Each structure stands twice: as C-alpha cells, then as structure tokens.
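Have the model open while you read.

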Amino acid sequence: MQSFKLGFVVFASVGLLFLGACGNQASESSSNPSSPSTENTSKTEPAAKTETSAHGDSHGKNAQVVEAGKYHLELVPEKEGSTTHLDLYLQTGDKHEAVPNAKVTADIQSPDGKQKTVPLTYDADGKHYATKLEGITAGQYQVKVTANVGTEKVNGRFSFNQ
C-alpha cells in the first residue's frame with residue numbers, strides 16, 4: 001500500500017511538472033508579438049487589443065487603448081482633487097478620426113464593489129467624451145465603456161488605479 005502511495009505522488013508530481021512546462025510555453029508564445037492572438041469574445045464585443053500608450057500619439061501617460069474592430073478607444077483617467085476626470089477618445093479609421101455622434105456610457109465598479117453607470121458627454125473642442133467621478137475611493141476601478149454608433153455597438157474594458 002505504501003508503494004502505491006509513493007507511486008501516486010511521483011505520478012502526480014510529474015504531471016504537475018508537465019503542466020507547468022506547457023503553461024510556460026503558452027505564456028511565452030502569448031508574449032511574442034509575432035504569434036497570432038486567438039482570443040474570442042462575445043458577438044457584441046469584438047476581439048479587442050489592449051495596450052498602454054504604445055501607439056505613439058497618446059493622450060496622456062495614463063492612457064489605455066482598446067482596438068475594437070474599426071474603432072479605436074482610448075481612456076484617460078486623471079485625478080483632480082477629490083474627483084477623477086475620465087476622457088474617452090472614440091475614433092475610427094486609420095487616421096483615427098473622432099466619432100462625435102455616439103451615445104456613450106461607462107459601467108464603473110469601484111474598489112469597494114459598488115457599481116454605477118454614468119453617461120459620457122461629447123466635448124467638441126477636445127474631440128472626446130468626458131465625465132467626472134465624485135468622491136473617489138483609493139484602489140482599482142473596473143470600467144466597461146459602451147458606445148452606440150448608429151446601429152453599431154462598440155465595447156471596451158479598462159481599469160485604472162486611484
């Protein structure tokens with residue numbers, strides 16, 4: 001009986017080592033920019049690429065970018081005293097032209113778990129959508145942006161720390 005237990009422990013250990021090795025290969029290939037991404041999301045949310053200000057013409061050091069189909073979404077959270085100002089640049093095309101006619105909302109989950117939905121209004125001068133969060137709590141915020149552009153629905157997910 002004791003040899004059975006020892007054999008089982010050895011077998012389980014080898015199996016874990018094998019899984020660990022496979023996991024390292026998967027994470028290495030996902031960090032390799034030349035390997036294709038196979039991430040799938042729901043139909044209302046096309047596969048999105050998230051990066052932090054790596055595309056050159058960013059709108060701030062805290063900017064986060066999501067590419068969703070033909071749309072480019074860039075969220076810029078800025079702390080202003082006891083509020084947080086959120087700017088969302090919704091753009092389309094290779095030249096990143098502003099989309100002024102969308103209905104944009106943000107579902108925000110604060111660090112304490114409270115959720116709220118806030119509308120973002122279009123600022124024609126800055127060519128972006130904006131809102132302010134009052135009475136912020138320190139910690140990580142999860143943000144899901146939904147933009148209705150005509151009959152199209154564009155989603156992007158972001159997070160930021162305050």
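The largest nonpolar core has 25 residues, and the ones touching the most other members are Leu 73, Leu 88, Leu 90 and Val 104.

## The whole chain

Bear in mind that this is a predicted model. The chain has 1 helix and 10 strands, and the helix comes at the N-terminal end of the order, α-β-β-β-β-β-β-β-β-β-β. Of its 162 residues, 30% count as buried. Among contacts between residues at least 6 apart in sequence, 45% join residues at least 24 apart. The accessible surface comes to about 10,400 Å², and carbon and sulfur atoms account for 54% of that.

Is Asn 155 buried or exposed? With a relative accessible area of 2%, Asn 155 is buried, because that value is under 20%. Asn 155 sits in strand 10 (residues 152-161), and its side chain makes a polar contact of 3.2 Å with the side chain of Thr 146.

## Salt bridges

How many salt bridges are there? The count comes to 2. One is between the side chains of Glu 152 and Lys 70, at 3.6 Å from N to O. That pair links distant parts of the chain, with Glu 152 in strand 10 and Lys 70 in the loop between strand 2 and strand 3, 82 residues apart.

Glu 80 and Lys 132 also form a salt bridge, their closest N and O atoms being 3.6 Å apart. Here too distant parts of the chain are linked: Glu 80 belongs to strand 3 and Lys 132 to strand 8, 52 residues apart.

| Residue | Relative accessible area | State |
|---|---|---|
| Glu 152 | 34% | partly exposed |
| Lys 70 | 51% | exposed |
| Glu 80 | 37% | partly exposed |
| Lys 132 | 45% | partly exposed |

Why does Lys 70 count as exposed? Its relative accessibility is 51%, and exposed means over 50%, so Lys 70 passes the cut-off. Lys 132, at 45%, is partly exposed.

Key. Residues are numbered from 1 along each chain as its sequence is written. This is a predicted model: local features need pLDDT of at least 70, side-chain atom pairs count only at pLDDT 80 or more; totals for chains, interfaces and linings use all residues. Side-chain values use heavy atoms; hydrogens and water are left out. Helices (H or I, at least four residues) and strands (E, at least two) are DSSP runs, numbered from the N terminus. Buried means under 20% relative accessible area, exposed over 50%, partly exposed in between (1.4 Å probe, protein chains only). Contact means heavy atoms within 4.5 Å. Accessible areas come from the Shrake-Rupley method with a 1.4 Å probe; for residues, only the protein chains shown count as cover. A polar contact is a pair of N or O atoms within 3.5 Å; within protein, one must be able to donate a hydrogen and the other to accept it, and residues adjacent in sequence count only if both atoms are side-chain atoms. A nonpolar core is a set of buried Ala, Val, Leu, Ile, Met, Phe, Trp, Tyr and Cys residues joined through side-chain atoms within 4.5 Å. A salt bridge is a side-chain nitrogen of Lys or Arg within 4 Å of a carboxyl oxygen of Asp or Glu.
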